[in-house]
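Here is a short briefing to read alongside the structure. Keep the viewer open and follow the points by topic.

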Amino acid sequence: MAQTTPRIPSPPGGPPPAGRRAAERLLCAAVAPLGEPPSSGRSPAWDRLLPHLVALAATTPDGHADTFPAGRYASAAGYLTDLGHDARAIPLLTAALACCEALAGAEHELSMKVRANLANAYYGARDFGRSIAILEPMVAQCAQVFGDSHPGTLTVTSNLANSYRDAGDLARAVALHEETLARRRQALGSDHPDTLVSCEELARTYKESGDLDRAVSLHETTLTQYERSLGPTHPATLTSLNGLAAAYLAAGDLSRAIPMYTAVLAQWQQALGDSDPETITSRNNLAYAYVIAGRPDQAAQHLETALVRCEEMYGEAHPETIAVRANLGCAYRDAGNPSRSLPLLETAAAQSAHLLGDDHPQTLTTRNGLAQAYQAASDAGRAIAQYDTVLEHRATLLGETHPHTLATRSGLAKAHLAAGDPARAVPLFETVVAQCEQVFGESHPDTLANYIGLADALRQTDDPARAVPLAESTLERCIRSLGEDHPHTVVCRSNLATAHLTVGDAPRAVQLLEATVRNASLMFGDTHPHTVTSRTNLAAAHLESGNAAQAVAILEGVRAQLTSELGGTHPQTLHCTAMLARAHGRSGGLAQATELLEHSVALTEKELGATHPDTLEQRQYLAEIYRADDRPDLAVPLYEANLAHWQQTLGDHQNVLSAQLTLADTHQEAGAHQKAIALYRVALDRIEPALGPENPLIAQIRARIDAAEYATSRSDR
């Protein structure tokens, strides 16, 4: 009855619906013997009553004098927020606030406390707009009632600054946190716990705004103060150490970040055990650092443990459990294991949508990770569709220039680029770059990362020379703003080398890549993806320079290390094997190249699927080797398989035309002249209306048709 009768609507200003008062009395009687909810853990009795309480609160008619005690609404809300169910607490706090304001007035201290808790619940539910709408007038109200340096006023001001930060309004967040810190230092002293909290929040805001030097410096100073006043193992000290580790991670200083995260985890385990929320969060943070360090297998080990503990602690469908499940899916994704990644991420996305709603930030974050997993599994269609959906929701909810919206638009650009469509990727990157400069400034890591993406997209267009000056200027800014040792700098230098290689300047590419390999090896280790990519790119540059022997030597070394550390069937190992085979083929070792590639293609197709980009690339390599070995008949089915996939996924695209012409040339080499002629004519019919009969490419295709027809006539004699 308590869940059904309150839902009957009543006219504004009229009496409550039938049964409303009875429901209030029943719930008052049911709650009275329970006492306060537990401060930690679960209460089955409260869990049974909560759906009825939430229903009662959510259906309170306007102007109705609720007889259910406001304090019990607020206590139930606190119980839910402690369990991570902030969204469910909102109707309880809304009803509690209405009761308090009706009884004591809007400016009573109790009303203001409940109002602040309601803003915090909206913040926890990631509804920053409503949180800000409550807190902005409340800051002025608190200043008027208590004074602008009162601890309560400063707490509300700090919460408003946090809402600005997480809503993407970084300039206002920094200014407000700086103002709050100055007032707390003046009113409370530099070592007061509230002052140190302000230091932590300001340092975090500096990090989010890309001011990494000030973030690290303030975190270091604050940690020293905590250690001096509270000791190295106090919970507040460990939280501060975690914040410093996050700042180091953002600055690319993995050698400091990972040991700090490891130390924090060990301390929480010792103090609270393996199933405490603090320990689970700490393990999750360490796993994220391992992902950034290119060690997703180690990340997955920690997240597997965290997921088991979350399921024990919270249950299968709690927001924390869902978030860890999604993170584990992302770790499997980065480890090249789509068969384990996709089910986890699809489950997490469905659970989050059911529990929190399609538009909830956690749901959108999980779907963003799912889009990346589809892309990694070479399912370009589903990746792009997922990104489109997330982008639409984020732009509507958060605004076009919120950091999360920018990240999704950047991901969509990368998905189009991975699908072989730089024409769509370039304008998306251009939009993101302009928006990042507007929000973060030109030297922020996110701005620079998207400049790197834009340059790489330009490299893959019909005019790759445009990529070189952009990549050069971006590299200069990375060095100036982030330093030589930042991951963005490593990636940018490697991409600049690839751009030089694309436009035919192999010597410059070799010079850049040798420096990149040295830096990446020192920073990340020899088997980190950044290092492996740089070494394989260096081998490709040597290959284009005519130094096939040097390319073979580099790739053999890389392959041996990858096989030892990751195994022979890991995607990185298989990709390196294909590159090594190609190098052998270019150096005249066709038999060795064929043996390597036939084995690698079979393994890659088995491990990653027939349409994975690595499988398609290796088929192309093997077809090239067959043609170089005068066996074009074996190359034909490989080219046909790739062409069929590209026609299905890319449609009328330049890459499809190139694949058609390559297949036609191979038919011609194999003596299948009529098949060659048919393909040449398909290509000609498609592009001649657009390019005109005088275009050089049209002339080349006509010449190939003439040669095939001549060969046909000779064979018929």
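**The second largest pocket**

Seventeen is the number to start from: the second largest pocket has 17 lining residues, and Ala-125, Arg-126, Asp-127, Arg-130 and Pro-361 are the ones nearest its centre. Please keep in mind that this is a predicted model.

- The space in this second largest pocket comes to about 340 Å³.
- Helices α4, α6 (128–146) and α18 each contribute at least two residues to the lining of the second largest pocket.
- The top contributor to that lining is α6, with three residues.

**The protein overall**

- The protein has 33 helices and zero strands.
- Its C-alpha trace spans about 105 × 60 × 45 Å along the principal axes.
- Of the 717 residues in the protein, 50% are buried.
- If you take contacts between residues at least 6 apart in sequence, 54% of them join residues at least 24 apart.

**Helix α4 and Leu-92**

- Helix α4 covers residues 86–104, and its 19 residues should span 27 Å at 1.5 Å a residue; the C-alpha atoms at its ends are 25 Å apart, which agrees.
- Among the buried residues of α4 are Asp-86, Ile-90, Pro-91, Leu-93, Cys-99 and Cys-100.
- The buried residues of this helix pack against α2 (44–58), α3 (70–82) and α5 (109–124).
- Leu-92 also sits in α4, and it counts as buried because its relative accessibility is 0%, below the 20% cut-off.
- Setting aside neighbours within four places in sequence, Leu-92 touches Leu-50, Leu-53, Val-54, Ala-57, Tyr-73, Ala-76, Ala-77 and Leu-80.
- Leu-92 and Ile-280 are 188 residues apart along the chain, and their C-alpha atoms are separated by 28 Å.
- Just after α4 comes Gly-105, with a positive phi of about 100 degrees.

**Arg-394 in helix α18**

- You will find Arg-394 in helix α18, which covers residues 380–398.
- With neighbours within four places in sequence left out, the contacts of Arg-394 are Pro-361, Leu-364, Thr-365, Asn-368, Gly-399, His-404, Thr-405 and Thr-408.

**Helix α19**

- Helix α19 runs over residues 403–418; its 16 residues reach 22 Å from first C-alpha to last, close to the 22 Å expected at 1.5 Å a residue.
- Gly-420 follows α19 and has a positive phi, near 80 degrees.

**Helix α23**

- Helix α23 takes in residues 487–502, and its 16 residues reach 23 Å from first C-alpha to last, close to the 22 Å expected at 1.5 Å a residue.
- Pro-487, Cys-492, Arg-493, Ser-494 and His-500 are among the buried residues of α23.
- The buried residues of α23 pack against α21, α22 (467–482), α24 (506–524) and α25 (529–544).
- Just after this helix, Gly-504 adopts a positive phi of about 95 degrees.

Key:
Residues numbered from 1 in each chain as written. Predicted model: local features only at pLDDT ≥ 70, side-chain atom pairs only at ≥ 80, totals over all residues. Heavy atoms only, no water. Helix = DSSP H or I, 4+ residues; strand = E, 2+ residues; numbered from the N terminus. Expected span 1.5 Å × (residues − 1). Buried < 20%, exposed > 50% of the residue type's maximum accessible area, 1.4 Å probe, protein only. Contact = heavy atoms within 4.5 Å. 1 Å grid on protein atoms, 1.4 Å probe; cavity = no way out; pocket = protein on both sides within 12 Å on 5 of 7 lines; lining within 4 Å. Points joined across faces, edges and corners; volume = space filled by probe spheres on them.
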